[in-house]
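Biologist: I would like to learn how to read the features of a structure like this one. Please take them one at a time, with the general idea before the case.

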Amino acid sequence: MNETNPTTGKLKKCFPLAGGFFTGILNGLFGAGGGMVAVPFLRSGGLDEKESHASSVALLMALSLVSTALYLHRGSMTIGDALPYLPGALAGSAAGALLMPKISTKWLRRIFGLLMIYGGIRMVTG
C-alpha cells in the first residue's frame, strides 16, 4: 500500500505559495532582484535550469507591474524616471531571451551565481 503523509502533501502545496510570497516581497523591496530567489524556488519545484530562468521572467513581469502601479500611486516614481532606460532594457531582454537557448546550463549557472555574488557585495558595501 502506498500511503502519503498528509503533512508532506500540505507542505508541498504551500511551498510555491511561500516562495512566491517571498519573491514578491523581495521584488517589491529591491526591484527585479526577486529573480535571485524565484529561480531557486522554481528549480526546487521541479523545473530545469533554463525553464526556471524563463519562468522567473514571466513571474517577475507580473510582480513588477504590481510594484510599479503601487509606486506610481504613492508618488514614489514617475514613468519619466524609467523612460530613458526602457529602450535599452527592452533590447537587452530580447537579446537575453534569444541567447539563453545557446548558453549551456553550466555557464548559465556560473553567470547567475556571479551576478548573485556581485549583487550581494553591492548591497553590503552600498
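Modeller: A search of the whole structure finds two salt bridges, a salt bridge being a side-chain nitrogen of Lys or Arg within 4 Å of a carboxyl oxygen of Asp or Glu. This is a predicted model, in which local features need pLDDT of at least 70 and side-chain atom pairs count only at pLDDT 80 or more, while totals for chains, interfaces and linings use all residues. Residues are numbered from 1 along each chain as its sequence is written, and side-chain values use heavy atoms, with hydrogens and water left out.

Biologist: Which side chains meet in a salt bridge with Glu49?

Modeller: The general idea is that side chains of opposite charge can pair when their charged atoms come close. Here the side chain of Glu49 meets that of Arg43 at 3.1 Å, N to O. The side chain of Arg109 also meets Glu49, at 2.7 Å, N to O. Through shared partners, the salt bridges join Arg43, Glu49 and Arg109 into one network.

Biologist: Is Glu49 buried or exposed?

Modeller: Buried means under 20% relative accessible area, exposed means over 50%, and partly exposed lies in between (1.4 Å probe, protein chains only). Glu49 has a relative accessible area of 7%, so Glu49 is buried. Arg43 is partly exposed at 29%, and Arg109 is partly exposed at 44%.

Biologist: How many helices are there in the chain?

Modeller: Helices (H or I, at least four residues) and strands (E, at least two) are DSSP runs, numbered from the N terminus. The chain has six helices and zero strands, and its pattern along the sequence reads α-α-α-α-α-α.

Biologist: At what angle do α3 and α6 pack?

Modeller: Two packed helices are described by the angle between their axes and the distance between the axes. Axes are lines fitted to C-alpha atoms, for helices over the stretch in contact, and angles run from 0 to 180 degrees between N-to-C directions. Helix α3 (residues 49–74) and helix α6 (residues 105–125) pack at about 50°, with their axes 10 Å apart. The two helices are therefore oblique to each other; under 35 degrees counts as roughly parallel, over 145 as roughly antiparallel, 65 to 115 as roughly perpendicular and the rest as oblique.

Biologist: Which residues make the contact?

Modeller: Contact means heavy atoms within 4.5 Å. Glu49, Lys50 and His53 take part from α3, and Thr105, Leu108, Arg109 and Phe112 from α6.

Biologist: What does His53 touch, not counting residues up to four places away in sequence?

Modeller: His53 touches Val39, Met100, Leu108 and Phe112 on that count. His53 is in helix α3 and counts as buried, at 11% relative accessibility. Ser67 is also placed in helix α3 and is buried, with a relative accessible area of 15%. Leaving aside neighbours within four places in sequence, Ser67 is in contact with Asn27 and Gly28.

Biologist: Which residues of helix α2 are buried?

Modeller: In α2 (residues 35–44), Gly35, Val37, Ala38 and Val39 are buried. After α2 comes Gly46, with a positive phi near 110°. Over the chain, buried residues make up 14% of the 126 residues.
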